Amino acid sequence: MARVYNFSAGPAVLPEEVLKEAADEMLDCGCGMSVMEMSHRSKDFEKILAEAKQDLKDLMNIPDDYEILFLQGGGNTQFAMVPMNLMKNKVADYIVTGQWAKKAYQEAQIFGTANKIASSEDKTFSYIPDCSDLPVSEDADYVYICENNTIYGTKFPELPNTKGKVLVADQSSMFLSEPCDVSKYGLIFAGAQKNIGPAGVVVVIIRKDLITEDVVEGTPTMLKYKIHADKDSLYNTPPAYGIYICGKVFKWIKAMGGLEAMKERNEKKAKLLYDYLDQSKMFHGTVEKGSRSLMNVPFVTDSEELNAKFIKEATAEGLVSLKGHRTVGGMRASIYNAMPYEGVEKLVNFMKKFEEENA
Ligand code: PMP
């Protein structure tokens, strides 16, 4: 079967070059075995891990006072690890712009007082609220955002004014899609399965002064950032193969020209789709223009029947996983870093044809 254009929100499309390279190295990655068979304490794996870290550091210009961790447990474990490790005063402020931010907000309530200081739930999370002058709590340990909302297709056009408090961001569905000034954040985390690799790895970038022993009482050892930082992400057996693929994706992004080049490529793809949606009489984007994501583009027709017909016919054309999230309906095209321009072009051409045929 020919490879399809995969618009899945995650796990998602990966660069073909990376997959081919991994296939070539499946039986022998240069030391007579597969990375999957290798001891995580071996020199060979140490090199893979160190290179992945360095390449990520280079790509994002991560300052020396930040630690890079490769952990497990996905985004959902970070919803707990963040408050367990950072809620020193047991107070945190959450900006709730979608399901994932809401889940994080709810999880934080287990460990202390989580305040919802802004929300866009009134309009089904279709916009990012004005975050220039929010009632940030005096004693908040951090302000939390989900910077790109995978389900609703919104992205913070600018970072919130945290009034001096530490900013924590879930960047899962936008990680490495554009340049990022890491120094503005206390902690960034991202599940790998959208922009950087297979499910099973979560990258955490954390300012070193936030890594302390002072954690919520009862925090299990595996959920302390300090233990992973002290052991250089090798406290326990890491998701070695996943880290290896992430490392290859970092090198692919570097070879593509880095994050400026990624941004340009992503803007070009997103513009093609949004421009079409803005003039279409059949398909409509669901997000306010100023809040649009470059990565996840939800859209609908006015009819459930047409939505279903579109998804079915698109699938037959090799344009797959376009069904919107179950809570939103309609369609969603996730156009992560690895989605080529040609994929979006094929989608837009198909949408044009579908609109003509079903007008
Ligand atoms: N945050 C965001 C922005 C997500 O899109 C997702 C899942 N797709 C999660 C967190 C949850 O990640 P996981 O399934 O890895 O726990």
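This is a predicted model: local features need pLDDT of at least 70, side-chain atom pairs count only at pLDDT 80 or more; totals for chains, interfaces and linings use all residues.
Which residues are buried in α9?

**Helix α9**

Helix α9 spans residues 341-358 and has 18 residues. From its first C-alpha to its last, α9 reaches 26 Å, close to the 26 Å expected at 1.5 Å a residue. The buried residues in α9 are Gly343, Val344, Leu347, Val348, Phe350, Met351, Phe354, Glu355 and Asn358. Seen down the axis of α9, these buried residues fall within an arc of 160°, so they line one face of the helix. On the other side of α9, Glu356 and Glu357 are exposed. The elements that cover the buried residues of α9 include two helices, α7 (258-279) and α8 (304-316). The cover also includes the strands β1 (5-6), β12 (296-300), β13 (319-320) and β14 (331-334).

**Helix α4**

In α4, the residues Ala101, Ala104, Tyr105 and Ala108 are buried. Viewed down the axis of α4, they fall within an arc of 100°, so they line one face of the helix. The partners against which the buried residues of α4 pack are α3, β3 (91-96), β4 (113-119) and β5 (143-146).

| α9 | 160° |

**The largest pocket**

The largest pocket has a volume of about 370 Å³. Its lining consists of 23 residues, and Asn76, Trp100, Thr150, Gln193 and Lys194 lie nearest the centre of the pocket. Helices α3 (74-86) and α4 (99-108) each supply at least two residues of this lining. The largest share, four residues, comes from α3. By class, the lining of the largest pocket has 13 polar, five nonpolar and five charged residues.

**Ala9**

Ala9 has its place in the loop between β1 and α1 (16-24). Is Ala9 buried or exposed? With a relative accessible area of 13%, Ala9 is buried, because buried means under 20% relative accessible area. Leaving aside its neighbours within four places in sequence, Ala9 is in contact with Thr150, Lys194, Arg332, Ser334 and Tyr336. Of these partners, Thr150 and Lys194 are among the residues nearest the centre of the largest pocket. Ala9 and Glu342 are 333 residues apart in sequence. In space, Ala9 and Glu342 are 18 Å apart, C-alpha to C-alpha.

Key. Residues are numbered from 1 along each chain as its sequence is written. Side-chain values use heavy atoms; hydrogens and water are left out. On a 1 Å grid over the protein atoms alone, a cavity is a set of points where a 1.4 Å probe fits but cannot get out, and a pocket is an open set with protein on both sides within 12 Å along at least five of seven lines; lining residues have an atom within 4 Å of a point. Grid points are joined across faces, edges and corners, and a volume is the space filled by probe spheres set on the points. Ala, Val, Leu, Ile, Met, Phe, Trp, Tyr, Cys and Pro count as nonpolar, Asp, Glu, Lys and Arg as charged, and the others, Gly among them, as polar. The expected span of a helix is 1.5 Å times one less than its number of residues. Buried means under 20% relative accessible area, exposed over 50%, partly exposed in between (1.4 Å probe, protein chains only). The arc is that of the directions from the helix axis to the C-beta atoms. Contact means heavy atoms within 4.5 Å.
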